[in-house]
Amino acid sequence: MKILYHLTQIQLLIVFFVLGVGYGQSDEKRTNITLKYGAERIGKRTDQPMQDWRNYGLGQFIHWGVYAIPGGHWDGKYYAGAAEWIRSWKGMPNEAYDNLYKEFNPKKFNANAWAKQAKELGAKYVIITTKHHDGFCLWPSEYTDYTIANTPYKKDIIGALVEAYDKQGIDVYLYFSIIDWNHFGYKSKLVTDKDRTDYEVFKEFTRNQLIELLTRYPETKGLWFDGTWDAAWKAQASYVYDLDKELREMIPGLIIGSRFRPDDYGNRHFDANGNMMGDYEQGWERKMPNTIEEVHGNDWDCVMTIPENQWGYHSDWRGHVKTSNELIEMLVKAVALDGNFVLNFGPDGLGTIRKEETKLAKQVGEWMKVNSTAIYNCGYLDWEKQDWGYFTTNRITQEKYMVVFNQPISGVYTVKTKKGVSVEKVYLLDNPGLELSIEKTYNNEFLIQYNPENHPEEPFVMVIETNKDQNNSDNQYLQPKI
Ligand code: K80
């Protein structure tokens, strides 16, 4: 069980990739093996809660826990790994970490202020860490003493956040780590009989906590699981299958990604037949697909850090910190490939959202105020991608957008449509009065002229009107190939 503790972050990353987090579904490998615990369906969920999920576009992730107190430092030393993993670092004794909760007293924490900031960012949903790998619970769980109730702060943080975000009309999803370094029964693999007996206790504990969360917070729209790659967990297909069902019965429409259930053979994300388990592909962590083919017709989310690899609060961000335009491009790219983009925030030990994050939230939020028409309810448009940026299309109105990140020096924007579809009118989303000239070159290719004296300094949106709406049911990528 202790093996995990001795691995460095880099080794863990290798393990992570070898275990295949984020691999895609391979159409060639489709088989028809009989599985008791395989995919629950083939193809996308079409119910309203899932349609709402699909149309969010932008979400917020919050990583908060006692790791925010050391903030990536211990005993004057700098921890180069992800701050929320500091307990696994040899530079910090476990005992020191396990006593941090006695100091957790975030006096500056203001759930309403966080929710208001998320609203201004334009986030339609939030994923909140209820418990990370360390096992510390931000809600007063009945099933362990290692919770917020036993900190000087005492008050239920999850409760406050659920209420505040709900009030802002932002849907709440709960992050839950299966890895729990605080529970004696948690194992990464089961070797001895005692391991197996202890793990049964851990399974019951996990079930109790999840039922507890959904009972306490019935507003919850979904669960975002993490830490499900251990051999011990991968051998629990029948237990996780039943638990998944039980949780879904508690909240109709509950959304759970592909990082929860293993199949009969211990496969994750995709079962032995290549079919996705769960409601959306949950493998795009700090990376994104580049083409629609990589998405294989599934719903998906991309969760992204602002610095290179920090989720929890690290007081000293090193390396590249993404700019607002980089984040906006990732958001647009996700939407253009039929996914959601979830931006992470790691508040500090006092409950303050750091100034770098606040600034970026403002910048992205300001962009969203002008351009979110090309984001919300939007997804993939089956037109050939061009170098100036990304197409998106509104799933309800079929309105089409060009989101421009690379302004051509020539001022000429190429658009290739589908057969029989002609570009009739193009204008700027923030200046509909300015109609751009369109030249048709040959079949389905249109050149749009836009060469203003003052070039926009930020990504911007052009709206395209066509002679007829494309029937999106023709789009081979909207449903997985069966
Ligand atoms: C766990 C393990 C590895 C190798 C990489 C990332 C993670 C966790 N998933 C993110 C969503 C964070 O919670 C990070 O700690």
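A: Lysine 416 has glutamate 445, in strand S18, as its bridge partner. The model is predicted, so local features need pLDDT of at least 70 and side-chain atom pairs count only at pLDDT 80 or more, while totals for chains, interfaces and linings use all residues. Residues are numbered from 1 along each chain as its sequence is written, and side-chain values use heavy atoms, with hydrogens and water left out.

Strand S18 covers residues 445-449 and pairs with S14 in the antiparallel sense over 5 bridges. Strands are DSSP runs of E of at least two residues, numbered from the N terminus, and two of them pair if DSSP finds at least two bridges between them. Both belong to an open sheet of 3 strands in the order S14-S18-S17, with antiparallel pairing. Its edge strands, S14 (412-416) and S17 (437-440), each pair on one side only. From one strand to the next, the twist averages 25°, taken between axes fitted to C-alpha atoms in N-to-C directions, on a scale from 0 to 180 degrees.

At the ligand, 12 residues form the surroundings, each with a heavy atom within 4 Å. Among the closest are His63, Glu84 and Asp226. A side-chain N or O atom of His63 lies 2.6 Å from a ligand oxygen, and a polar side-chain atom of Glu84 is also 2.6 Å from an oxygen atom of the ligand. For Asp226, a polar side-chain atom is 2.8 Å from a ligand nitrogen. The protein covers 94% of the 380 Å² of accessible area that the ligand has on its own (Shrake-Rupley method, 1.4 Å probe).

Definitions and conventions
A polar contact is a pair of N or O atoms within 3.5 Å; within protein, one must be able to donate a hydrogen and the other to accept it, and residues adjacent in sequence count only if both atoms are side-chain atoms. Helices (H or I, at least four residues) and strands (E, at least two) are DSSP runs, numbered from the N terminus.
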